[in-house]
Amino acid sequence: MRLSHVSFRYRRRDPLVIADADAELTPGDVIELTGVNGAGKSTLLRLLAGLARPSAGTITGRPSIVGFAPDRFPTAQPFTVTRYLRHMSRVRGGARWEPWAERLDMGHLLDSPLGELSKGSAHKVGLAQALMAEPQLLILDEPFAGLDADTREALPAIAGEVAARGGIVIAGDHQGGLRSLPGVRHWTLSSGHLKENAPDPHAADESPGETVRRSVEGGPPERRHATVAVTLPAADVQRFLARMRGEGYRAREIEESN
Ligand SMILES: Nc1ncnc2c1ncn2[C@@H]1O[C@H](COP(=O)(O)OP(=O)(O)OP(=O)(O)O)[C@@H](O)[C@H]1O
């Protein structure tokens, strides 16, 4: 997925909120987006999700299944949690919401009307509806806001699992909750400009998917690595990378040749 010269303003004479942003997101990426209040993080996330259109520039290659968890889940809807999640499951072609309700510890909330939920509980409903469709692009706006300790702890692993199966995860997050995942990319927005920070030199040399695979398999991580050069048709690169990252391996360099 690629952003090319993306700019956005809310109204014609308003200043640009996003100015000439360029970026590339590849399957398996986990990206943390930071910036001060009002920097434009939510705006950029909505553009990435396809909920707003760039005023200029293009966003191409958006995966077809997108999960978006907003910073404020809209609770002014006349449903209980179960009815809402069932409805979203139908919209999502019969996606299974029950495992997510269990994993996010929502059992006690299922009969509650959306309008009576606490902030953190409403946030969990937003996360469950975003996750249920197994999105190839998972967009989380302030995912840790208001969450209880258990769910906060579960969320990096969930993000890592989405990446491990070749999904892209991007989270607008003040709290640095995904930083425990090695290989996380860091984007910042400042004065409308999107910038990628250099990777943390102390971070482990492995992808988030690899970390999850190791934690699932158990045992201490094996630190020895080998680098293998692979040649394949250019048209197959994205599919290959997705599969490779899904297996927990990490691409170091991509070079095009004739
Ligand atoms: N619907 C809107 N109409 C007009 N301006 C808006 C609208 N939504 C946001 N803005 C403006 O766009 C700018 C960026 O807002 P945005 O919510 O994207 O920032 P943010 O980085 O997510 O902030 P925060 O960290 O406080 O959530 C702000 O100046 C805000 O006032």
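**Close-up views of a predicted model**

**View 1. The bend in helix α5.** A kink of about 25° lies at Leu-155 in α5, shortly before the proline Pro-156; the model shown here and in the views that follow is a predicted one. The helix comprises the 16 residues 149-164, which at 1.5 Å a residue should span 22 Å, and the 24 Å between its end C-alpha atoms agrees with that expectation. Both Leu-155 and Pro-156 belong to the buried residues of α5, together with Thr-151, Ile-158, Ala-159, Gly-160, Val-162, Ala-163 and Ala-164. After the helix comes Gly-166, a residue with a positive phi, near 90°.

**View 2. Strand β7 and its surroundings.** Strand β7 is formed by residues 168-172, and because five of its five residues are buried, the strand is largely enclosed by the rest of the structure. Ile-168, Ile-170 and Gly-172 point one way from the strand, while Val-169 and Ala-171 point the other way, and the residues on both sides are buried.

**View 3. The parallel partners of β7.** Strand β3, residues 30-34, pairs with β7 in the parallel sense over four bridges, and within this pairing Val-30 has Val-169 of β7 as its bridge partner. Strand β6, residues 137-141, likewise runs parallel to β7, the two being joined over five bridges; here the bridge partner of Ile-139 is Ile-170 of β7.

**View 4. Strand β5 beside β6.** Strand β5, residues 66-69, presents a covered face made of Gly-67 and Ala-69, and an uncovered face made of Val-66 and Phe-68. Its pairing with β6 is parallel and extends over four bridges, with Gly-67 of the covered face standing opposite Leu-138 in β6.

**View 5. The shell around the ligand.** The residues that surround the ligand are Tyr-10, Val-17, Gly-35, Asn-37, Gly-38, Ala-39, Gly-40, Lys-41, Ser-42 and Thr-43.

**View 6. The whole protein, for orientation.** The secondary structure of the protein comes to seven helices and nine strands, among them the helix α5 with its kink at Leu-155 and the enclosed strand β7. Of the 258 residues, 36% count as buried. Among contacts between residues at least 6 apart in sequence, 74% join residues that are at least 24 apart.

Methods:
Residues numbered from 1 in each chain as written. Predicted model: local features only at pLDDT ≥ 70, side-chain atom pairs only at ≥ 80, totals over all residues. Near = placed C-beta within 6 Å. Expected span 1.5 Å × (residues − 1). Bend = angle between axes of the 7 residues up to and from the residue. Buried ≥ 20, exposed ≤ 12 C-beta atoms within 10 Å, placed from the backbone. Contact = placed C-beta atoms within 7 Å. Pairing = 2+ DSSP bridges.
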